[in-house]
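Here is a friendly walk through one protein model for anyone meeting it now. Please keep the sequence and the 3D view at hand while you read.

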Amino acid sequence: MPHVADAENLAAFVRAARERLTPEACGLPAGRRRRAKGLRREEAAALCHISPTWLTWIEQGRTTGVSTATLGAIERGLRLSRA
């Protein structure tokens, strides 16, 4: 079973990565009103090809395990490096 701190670290990392990206950098329209810093969860989930619910759970640290396939999708969708 994963350690709670691991889920919290992943949550903070994914949230920070999503907040660093702008819609324009990802080819999305900026929209008129944006309360969210960076990408909205729905936008990030679409780029990662995962459900918004799953991304929300990951960002809230409510996961008991995230597959390597999902981590790879997040890496590609949020334009992260392998490091």
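Glu-59 counts as buried, because its relative accessibility is 2%; buried here means under 20% relative accessible area, exposed means over 50%, and partly exposed lies in between, using a 1.4 Å probe and protein chains only. The model is predicted, so local features need pLDDT of at least 70 and side-chain atom pairs count only at pLDDT 80 or more, while totals for chains, interfaces and linings use all residues. Residues are numbered from 1 along each chain as its sequence is written, and side-chain values use heavy atoms, with hydrogens and water left out.

## Salt bridges

How many salt bridges does a search of the whole structure find? The search finds three, a salt bridge being a side-chain nitrogen of Lys or Arg within 4 Å of a carboxyl oxygen of Asp or Glu. Here they are, one to a row.

| Glu-59 | Arg-18 | 2.7 Å |

Let us take the pair of Glu-59 and Arg-18, which form a salt bridge. This pair links distant parts of the chain, with Glu-59 in helix α3 (residues 52-59) and Arg-18 in helix α1 (residues 4-20), 41 residues apart. Helices (H or I, at least four residues) and strands (E, at least two) are DSSP runs, numbered from the N terminus. Both Glu-59 and Arg-18 are buried.

Salt bridges that share partners join Arg-18, Arg-41 and Glu-59 into one network.

Glu-43 is buried, with a relative accessible area of 15%, whereas Arg-40 counts as partly exposed at 29% relative accessibility.

## Helices α2 and α3 together

How do these two helices meet, and what is the angle? α2 and α3 pack at an angle of about 110 degrees, and their axes are 8 Å apart. Axes are lines fitted to C-alpha atoms, for helices over the stretch in contact, and angles run from 0 to 180 degrees between N-to-C directions. The two helices, α2 and α3, are therefore roughly perpendicular to each other; angles under 35 degrees count as roughly parallel, over 145 as roughly antiparallel, 65 to 115 as roughly perpendicular and the rest as oblique. On the α2 side the contact is made by Arg-41, Glu-42, Ala-44 and Ala-45, and on the α3 side by Pro-52, Leu-55, Thr-56 and Glu-59, where contact means heavy atoms within 4.5 Å.

The buried residues of α2 are Glu-43, Ala-44, Ala-45 and Cys-48. Just after α2, His-49 takes a positive phi of about 60 degrees.

The structure holds zero disulfides, a disulfide being a pair of cysteine sulfur atoms within 2.5 Å.

Cys-26 is buried, with a relative accessible area of 11%, and Cys-48 counts as buried at 0% relative accessibility. Cys-48 sits in helix α2. Leaving aside residues up to four places away in sequence, Cys-48 touches Ala-73, Ile-74, Gly-77 and Leu-78. The C-alpha atoms of Cys-48 and Glu-75 are separated by 7.8 Å, although these residues are 27 residues apart along the chain.

In helix α4 (residues 68-77), the buried residues include Ala-73, Ile-74, Glu-75 and Gly-77. Just after α4, Arg-79 takes a positive phi of about 55 degrees.

## An aromatic pair

The structure holds one aromatic pair. The rings of Trp-54 and Trp-57 have their centres 6.3 Å apart and their planes at 75 degrees, so the pair is edge-to-face. Rings of Phe, Tyr and Trp (its six-membered ring) pair if their centres lie within 6.5 Å; planes under 30 degrees apart count as stacked, over 60 as edge-to-face and the rest as tilted. Trp-54 and Trp-57 are three residues apart in helix α3, and so are separated by about one helical turn. Trp-54 is partly exposed, with a relative accessible area of 24%, and Trp-57 also counts as partly exposed, at 35% relative accessibility.
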